[in-house]
Amino acid sequence: MKRSAAVRLGATLATAALAAATGLVVSMPSASAATGSATGYATQNGGTTGGAGGQTVRATTGTAIHSALCNRASSSTPIVIEVQGTINHGNTTKVSGSSCNTAAGVIELKQISNVTIVGVGSGAVFDQLGIHIRESSNIIIQNVTVRNVKKSGSPTSNGGDAIGMESDVRNVWVDHTTLEASGGESEGYDGLFDMKDNTQYVTLSYSILRNSGRGGLIGSSESDRSNGYVSFHHNKYENIDSRTPLLRGGISHIYNNHYVNLRESGINSRAGARAKVDNNYFKDSKDVLGTFYTSEAGYWQVSGNIFDNVTWSARSGDNQPAGPNPTSNTSVGIPYSYSLDGASCVPDVVNRTAGANKGNQVSDGKCTPQTPGPTDPTTPPTDPTDPPTGTNLSLGADADGSSKADGTSYGNVRDGSLSTYWSPSGSTGSVSIKWSSATSVSKINIREAAGSVGAIRNWRVLNHDTGAVLTSGSGAGVISFPRTSLKKITFEVTGSSGAPRIAEFETYTS
């Protein structure tokens, strides 16, 4: 889907200045640009929905990401941050506010909740800049690349972790990301995906982790055993020395991952950790499962895995590989439903779906990648900055509504001018576009008047002929719904902040 960076809403000069200064563009679509729903352990403990239902903003700098967090009403107000372009040290500064706790040189998600960060358009790359999640909950990170984050050398960020979580973190879903480094610790890098100090209910799915000394860990030491309930599925680990992942305590579910060229060790279950390891494909690797570098054993339940050209060390002292014929030494119950692809097709399905900018495709559990269709609930919603194509059907149509404030007119919403507008007599109300004969409509564009951008909070779109609700959501902008033939379509404002003013109610067939 094409996503333009231009905002078509009528905006004040102050808003334009903010966008130019920080790379933050405010928009208000009906839903998140993230697709699909959380899977694995991220579905437990109340689930993970990120910023669904909240305001959406577009950010092209790290400062803009921080500004979006800080401009919320509270630290728990839902928000979806669409990121496009390269985020780096040069454009990421600390921003202050009562709803945030940010820092320069890192994307800081600290002491907050209900946030989605999703790459859109031509993609989002966090270059030498890590994402740090601390004392936070209900976070989604999707369709982004994080690369070359260093803990030593210059520049440094996030302790060298691409994505790091610590200190009472709950419910995080990281999906369709590419996490990569250019070497190991001696080159200044640390882990790609680390969790410690009481981090729970996390899923890493459809992601690529590559070219690093360390894939990631759960628990920072043998005594840090308060972490767990983590799922890893449909990921590709490639050219990694060790920690794919390292598990210290807790429970993990590791299934349908593709491992290639693990040079020293792979899944390292230790310090009482228990891992369910199902239908993974290991290729050209060494010691892909076991307890390594410690005398404190971990445990595993294995089934359906394929070991293709995997070598195993002899068991000795602190190194206890599970192979060459891995067998289960524990039992792990999984509380959520899931579908297993056969291990033999994992290389193909993971190579086709994992990583950023792959269209967020997922497997159907039968080894076939699925692209969301027009009736699929995971279909990406229309980006609010995408101008609709075709003729604005409202021009030349008629209009009416429930009420109108003094000095405003229903006809102002279909006259093609942003200088006139309709406003209800109160904080809520409805305005309609109508035709003399049935007309097919699948998209509308609600353009707020200058000085009132953001006033519309909640709304419904109705087929006035039948009373059916075509869609509902929050914020103005471009709104899509299944194509419907009707004579009258109604936009109903059900919640607002200040006086809502609609300059144009555009309607389109496509």
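Trainee: How many disulfides does the structure hold?

Mentor: General idea first. A disulfide is a covalent bond between the sulfur atoms of two cysteines. Here the term is applied to a pair of cysteine sulfur atoms within 2.5 Å. The structure holds two disulfides. Before we go on, note the ground rules. This is a predicted model, where local features need pLDDT of at least 70, side-chain atom pairs count only at pLDDT 80 or more, and totals for chains, interfaces and linings use all residues. Residues are numbered from 1 along each chain as its sequence is written, and side-chain values use heavy atoms, with hydrogens and water left out.

Trainee: Which pattern do the disulfides of the protein chain follow?

Mentor: Count the bonded cysteines along the chain. The pattern is 1-2, 3-4.

Trainee: What is the handedness of the disulfide of C70 and C100?

Mentor: Read the torsion about the S-S bond. For C70 and C100 it is about 95 degrees, so this disulfide is right-handed. Their sulfur atoms lie 1.9 Å apart.

Trainee: Which parts of the chain does the pair link?

Mentor: C70 sits in helix α2 (residues 62-70). C100 sits in the loop between β3 (79-87) and β4 (107-110). The two cysteines are 30 residues apart, and the pair links distant parts of the chain.

Trainee: Are C70 and C100 buried or exposed?

Mentor: Go by relative accessible area, with a 1.4 Å probe and protein chains only: buried is under 20%, exposed is over 50%, partly exposed is in between. Both C70 and C100 are buried.

Trainee: What about the disulfide that joins C345 to C367?

Mentor: The S to S distance is 2.0 Å. C345 lies in the loop between β26 (320-321) and α3 (346-353), and C367 in the loop between β27 (362-363) and β28 (369-370), so the pair ties together parts that are 22 residues apart in sequence. The S-S torsion is about -75 degrees, so this disulfide is left-handed. C345 counts as buried because its relative accessibility is 13%. C367, at 24%, counts as partly exposed.

Trainee: Which residues are buried on the two sides of strand β20?

Mentor: In a regular strand the side chains alternate between the two faces of the sheet. Strand β20 covers residues 267-270. I267 and S269 are buried on one side, N268 and R270 on the other.

Trainee: In which sense do β17 and β20 pair?

Mentor: Pairing requires at least two DSSP bridges between two strands. Strand β17 (residues 246-248) pairs with β20 in the parallel sense, over three bridges. L246 stands opposite N268. Strand β23 (residues 289-291) also runs parallel to β20, joined by two bridges. There, I267 has L289 as its bridge partner.

Definitions and conventions
Helices (H or I, at least four residues) and strands (E, at least two) are DSSP runs, numbered from the N terminus.
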